[in-house]
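Reader: Can you walk me through this one? Keep it brisk.

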Amino acid sequence: MAQLGQSAAAALASSLESVLRSRGSANRVFEILELLQVDEEDVILCAIRTCSRLFGTLLERGELFVGQLPEEETSLAGNYNAEDKYKIWMRHRYNSCVNCLVELMGHESFQVKELSLVTLMKFVELEGKYPLVKAEWKGSFRFPRELLKLVVENLIPCEEDSSLLISRFQEYLEYDDIRYFVMKAVAENIGQVMQKTQKVPLPVYQQNVFSLISSISMPSQESEVINFMVKQANQEEWKVSNLKEHKRAFERMWLGFLKHKLPNGLYKKVLVILHDSILPHLNEPTLMIDFLTVAYDIGGAISLLALNGLFVLIHQHNLHLPAYLVAAFIKRLSRLALTAPPQALLMVIPFICNLFRRHPACKVLVHKPGGSEDLSEDPYIMDEEEPSESRALESSLWELQTLQSHYHPDVAQAAAVVNQSLSELEDDVSELLELSAYELFDRELKKKVTSVPLEFEQVRGLFGKKDDLFAEHFALE
């Protein structure tokens, strides 16, 4: 095997030298391309490296045809000069090489997959520097989108887990232009694949897509969009330099992925990263409400994770929810608060107040005249699964009134806020989210107490008034 590899390497080196030295030896390119399709892994790897050097050099020399590529037979019979015929012919060989490398991205050997991927991305970079398409007008922007689309399509196959190869691809996503066109390509691919399969879940494909798009790290400021693989003459005028365009592509990609039914395991993975890695980078975060609603209806742990996303939409993006739904949420949260520990209540109560600020229609729960004062008279149906049927808006928030008598003074003080007119400024609950019982206890110990009342009446003596008589007696003597 080693001897076979050495002889193949020697043959490849000879073919490469001949093709690059003389156009008269151009046919020897077939010797290189044929070795891309053999069974021996070492030979394939050597052939890929040879193709990388060969076509990389030809791209740099400008020896590949630029523009709409004619059919090979047409070019030979057409009115082309010898120079153009050579470039057209060699461009077809380059296309054959690209197609072979794309197929090798599905090879059983990871080394072959990885080297094919790296070589194709080298061609993407070189086609960016030496474009194979003509400029539509002077100063127009050119990027090898079609070649990158081929790479993306084969990073997310339908039948094979490609997470390892995707992890190798992540370094290229640091380039802003690569990331942008990858997002565009993924969105297009999802639409095509799911349409062909009648929108039936494809667990392997969807897992591959998730592995790719969840590894995309978005810039948070316009000034961060500065790292490009393909440099343009008027870089600042290119739409790829605009953060808003990146967010639009990011949003379209995620919405396209999430509008189709997912395997349950994927729902959990998406919901875990939703609030931190997805929502902050969407132009319209509230567009996620449909996905979160579907996830909530699944039940179990997925429903709980979906509530986290809904919390973010309500708290940070002023989600336009109907009053009955917010009221049902407030009532359920308040009812649960009756048995919650103090550290949780110090976060829950300000959160409920923030909900009143954002949804004034729900203040009727606090200011309802003649509202119920205990559980037996409350019309709210705690066990009702449908919020619209829970009769929350008919109820009152007696739970917070009850908490005003809580044994912990900080909780009682927090609950008493609802008796007053709420300020427009929302309470910041971020510092309270991780408050523990130990921290709460420690905070109480550190409080400085100036005076502690020990008795209601001042002690006048050991025997009360008799002590006073003794004192008068001794004074007279």
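Author: A definition to begin: buried means under 20% relative accessible area, exposed over 50%, and partly exposed in between, with a 1.4 Å probe and protein chains only. This is a predicted model, where local features need pLDDT of at least 70, side-chain atom pairs count only at pLDDT 80 or more, and totals for chains, interfaces and linings use all residues. Residues are numbered from 1 along each chain as its sequence is written, and side-chain values use heavy atoms, with hydrogens and water left out.

Reader: Is Tyr180 buried or exposed?

Author: Tyr180 counts as buried, because its relative accessibility is 1%. Phe181 is buried too, at 8%.

Reader: How many aromatic pairs are there?

Author: The count is 14 aromatic pairs. Rings of Phe, Tyr and Trp (its six-membered ring) pair if their centres lie within 6.5 Å; planes under 30 degrees apart are stacked, over 60 edge-to-face, the rest tilted.

Reader: What about the rings of Tyr180 and Phe181?

Author: Their centres are 5.1 Å apart and their planes at 80°, so the pair is edge-to-face. Ring pairs also link Tyr180 and Phe181 with Phe143, Phe228 and Trp238 into a cluster.

Reader: Why is the pair of Phe329 and Phe351 edge-to-face?

Author: Because the planes stand at 90°, with ring centres 6.2 Å apart. The pair links distant parts of the chain, 22 residues apart: Phe329 is in helix H15 (residues 323–337) and Phe351 in helix H16. Helices (H or I, at least four residues) and strands (E, at least two) are DSSP runs, numbered from the N terminus. Phe329 is partly exposed at 28%, whereas Phe351 is buried at 4%.

Reader: Where is Leu346 found?

Author: Leu346 is in helix H16, residues 342–358. Leu346 is buried, with a relative accessible area of 8%. Leu346 and Asp410 are 64 residues apart in sequence, yet 7.6 Å apart in space, C-alpha to C-alpha.

Reader: New topic. Where does helix H12 bend?

Author: Helix H12 (residues 264–278) bends by about 35° at Val272. The bend is the angle between axes fitted to the seven residues ending there and the seven starting there.

Reader: Which residues of H12 are buried?

Author: Leu266, Tyr267, Val270, Leu271, Leu274 and Ile278. An α-helix has 3.6 residues a turn, so residues three or four places apart point the same way.

Reader: And what sits over the ring of Trp89?

Author: The charged end of Arg93, 4.8 Å from the ring centre. The rule: NZ of Lys or CZ of Arg within 6 Å of the ring centre and within 35 degrees of the ring normal.
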